[in-house]
Amino acid sequence: METPEGRLVEILQAHGIDFVATLPCEKVKGFLSLVPQHFHELPLTREADGIGICAGLLLAGRHPAMVVQNTGLGNSITDIASLLQVYRLPLTLLISWRGVYKEAIEVQRNLGTKTPRLLEALGVPYTIVETKEDLKKVAVAIEDGRRGRTPHAVLFSPQVWEGSPLSSLSVETQASSPGQGRALPPKGRADQQVPSFQRQPRRADLTRYEAIRAIMDHVDGQAVVSNIGIPSKELFAVRDRPLNFYMLGSLGLATSIGIGLSLGQEREVWVLDGDGSLLMNPNALISLGLYGRGDLTVFAIDNASYGSTGDQATPTLDRIDLELLAQACGVGNTHKVHDASELRAALAAPSEGPRFVHFLARPGNAAVPNVPLSPGAIAERFMVALHDKRE
Ligand SMILES: Cc1ncc(C[n+]2csc(CCOP(=O)(O)OP(=O)(O)O)c2C)c(N)n1
């Protein structure tokens, strides 16, 4: 291929990149127009959600990359530092670098000029691709990330795409061109139902610990992702197993990681998420509606509080019904449960598409110790167990 966009496709393919999560920047619209034809594209609604989905794909043994604007790097800093780096997940970040080359927009210049220093402060290795001739550096960047088990950022100057016919197409032409859109229709997705949007009055019988115990009574070979903080500690206390992925940071990404895991491999995936987490990243519910597969269950353990930080109330107490929110995001297969017998019925019900179990719980934390494993050790034993048929 002659164009720089085509050359980049070739390089990514040659290095095994299979999934590409995207959130558009006008400067890379030419490259974005090629993505659906060559990769499994995962269009995002927030970059941090993409970090979680790609982390799940990496844990599943896949090779994702993420195309974002450098403004989106700003949205993802916590998640790069407290998920990708500490769990040693080598995500390739392809960043459209605004603000430094022929930039007319002052708003872009402010963050753009600081972007390399932000990456340095984070300790994320980065590569600058200034011209078409520099594109070969992308291959080195991918391999460097894999070798060092670190995310690696590639900053693309708009100069790279200058003069390319693909990048000068009008936005209108691109939007109507074939092949755009989602590459992965989820397996077994239910026909979308019309939600009733009636918030149900709260009833909560169990604490989070008791809810986790009830859920884990049913576990049978599923990979389980648990929310940051006390939920992970409680899961460890209820039943530690290599197939548990304990989150120790990146609040909001439990469901996102579950989505990536389920897209990347065949084992069933359960997510133990929380109301504070889902309210921080409701974009995960949008992704669940778009990409969730039939072998993915999200248990939203809703204690109407930020339990891990002292049980401060969240708006699910009296205003927001997470089941309705999930339905509004296109997740049709939802259940509301309050106790072990309703949970049993929900798990036994015929299931089509990703399942969302809204588990209403009481506030309160069990007195359990920290998870005595490093993030790197959690990721390592989890990845081995995922592909071990005996687990
Ligand atoms: C970005 C960010 N903001 C705040 C925190 C602090 N924090 C850690 S856990 C948590 C509460 C999470 O609440 P929820 O998801 O409902 O889980 P629960 O502990 O109630 O089960 C908060 C606010 C954080 N870790 N990261």
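Modeller: Two residues are in contact if their C-beta atoms, placed from the backbone, lie within 7 Å. The model is predicted.

Biologist: With that cut-off, which residues is Ser277 in contact with, leaving aside its neighbours within four places in sequence?

Modeller: Ser277 belongs to helix α12, residues 275-280. It has 29 C-beta neighbours inside 10 Å and therefore counts as buried. Once neighbours within four places in sequence are set aside, the contacts of Ser277 are Asn227, Leu251, Gly252 and Ala254.

Biologist: How far apart are the C-alpha atoms of Ser277 and Asn227?

Modeller: Asn227 is among the contacts of Ser277. Along the chain, Ser277 and Asn227 are 50 residues apart, and the separation of their C-alpha atoms is 7.6 Å.

Biologist: Into which domains is the chain divided?

Modeller: The C-alpha centres of the two parts, domain 1 and domain 2, lie 29 Å apart. The division of the chain gives domain 1 (4-176) and domain 2 (206-386).

Biologist: Which helix gives the most to the side of domain 1 that touches domain 2?

Modeller: Contact between the domains involves 23 residues of domain 1 and 26 residues of domain 2. On the side of domain 1 that touches domain 2, α3 and α5 each supply at least two residues. By class, that side of domain 1 has 12 nonpolar, 6 polar and 5 charged residues. The helix that gives the most to it, with 10 residues, is α3.

Biologist: Are α3 and α5 roughly parallel or roughly antiparallel to each other?

Modeller: The axes of helix α3 (residues 47-59) and helix α5 (residues 77-85) come within 10 Å and cross at roughly 10°. Angles under 35 degrees count as roughly parallel. The relation of α3 to α5 is therefore roughly parallel.

Biologist: How do the residues of the contact of α3 with α5 divide by class?

Modeller: From α3, the residues that meet α5 are Ala48, Ile51, Gly52 and Ala55. Their partners in α5 are Asp79, Ile80, Leu83 and Leu84. By class, the residues of this contact of α3 with α5 are 6 nonpolar, 1 polar and 1 charged.

Biologist: Which residues have the most contacts inside the largest nonpolar core?

Modeller: In soluble globular proteins, nonpolar side chains tend to be buried together. The largest nonpolar core here has 111 residues, and those with the most contacts inside it are Ala55, Ile95, Val154, Leu272, Phe299 and Phe359.

Biologist: From which domains does this core draw at least three residues each, and which element gives the most to it?

Modeller: The core draws at least three residues from each of domain 1 (4-176) and domain 2 (206-386). The element that gives the most to this core, with 8 residues, is α3.

Biologist: What does Ile95 touch, not counting residues up to four places away in sequence?

Modeller: Ile95 is one of the residues with the most contacts inside the largest nonpolar core. Beyond four places in sequence, Ile95 touches Val68, Asn70, Leu73, Ala153, Val154, Leu155 and Phe156.

Biologist: Against which elements do the buried residues of α9 pack?

Modeller: In helix α9 (residues 208-216), the buried residues are Arg208, Tyr209, Ala211, Ile212, Ala214 and Ile215. These buried residues of α9 pack against β7 (206-207), α10 (230-239), β10 (269-274), β11 (296-302), α15 (340-348) and β15 (355-362).

Biologist: Is Lys27 buried or exposed?

Modeller: Lys27 is found in the loop between β1 (19-22) and α2 (29-38). Its contacts, leaving aside neighbours within four places in sequence, are Ser96, Arg98, Pro158 and Trp161. With 23 C-beta neighbours inside 10 Å, Lys27 counts as buried.

Biologist: How far apart in space are Leu317 and Lys27, C-alpha to C-alpha?

Modeller: Leu317 lies in the loop between β13 (312-313) and α14 (322-328). It is partly exposed, with 14 other C-beta atoms within 10 Å. Leu317 and Lys27 are 290 residues apart in sequence, and their C-alpha distance is 43 Å.

Biologist: What is the phi of Arg88 near?

Modeller: Arg88 lies in the loop between α5 and β4 (92-96), and counts as partly exposed with 16 C-beta neighbours inside 10 Å. Its phi is a positive value in a residue other than glycine, near 60°.

Conventions
Residues are numbered from 1 along each chain as its sequence is written. This is a predicted model: local features need pLDDT of at least 70, side-chain atom pairs count only at pLDDT 80 or more; totals for chains, interfaces and linings use all residues. Axes are lines fitted to C-alpha atoms, for helices over the stretch in contact, and angles run from 0 to 180 degrees between N-to-C directions. Helices (H or I, at least four residues) and strands (E, at least two) are DSSP runs, numbered from the N terminus. Angles under 35 degrees count as roughly parallel, over 145 as roughly antiparallel, 65 to 115 as roughly perpendicular and the rest as oblique. Ala, Val, Leu, Ile, Met, Phe, Trp, Tyr, Cys and Pro count as nonpolar, Asp, Glu, Lys and Arg as charged, and the others, Gly among them, as polar. A nonpolar core is a set of buried Ala, Val, Leu, Ile, Met, Phe, Trp, Tyr and Cys residues joined through C-beta atoms within 7 Å. A residue is buried if 20 or more other C-beta atoms lie within 10 Å of its own, exposed if 12 or fewer, and partly exposed in between; C-beta atoms are placed from the backbone. Domain bounds come from an automatic or database domain assignment.
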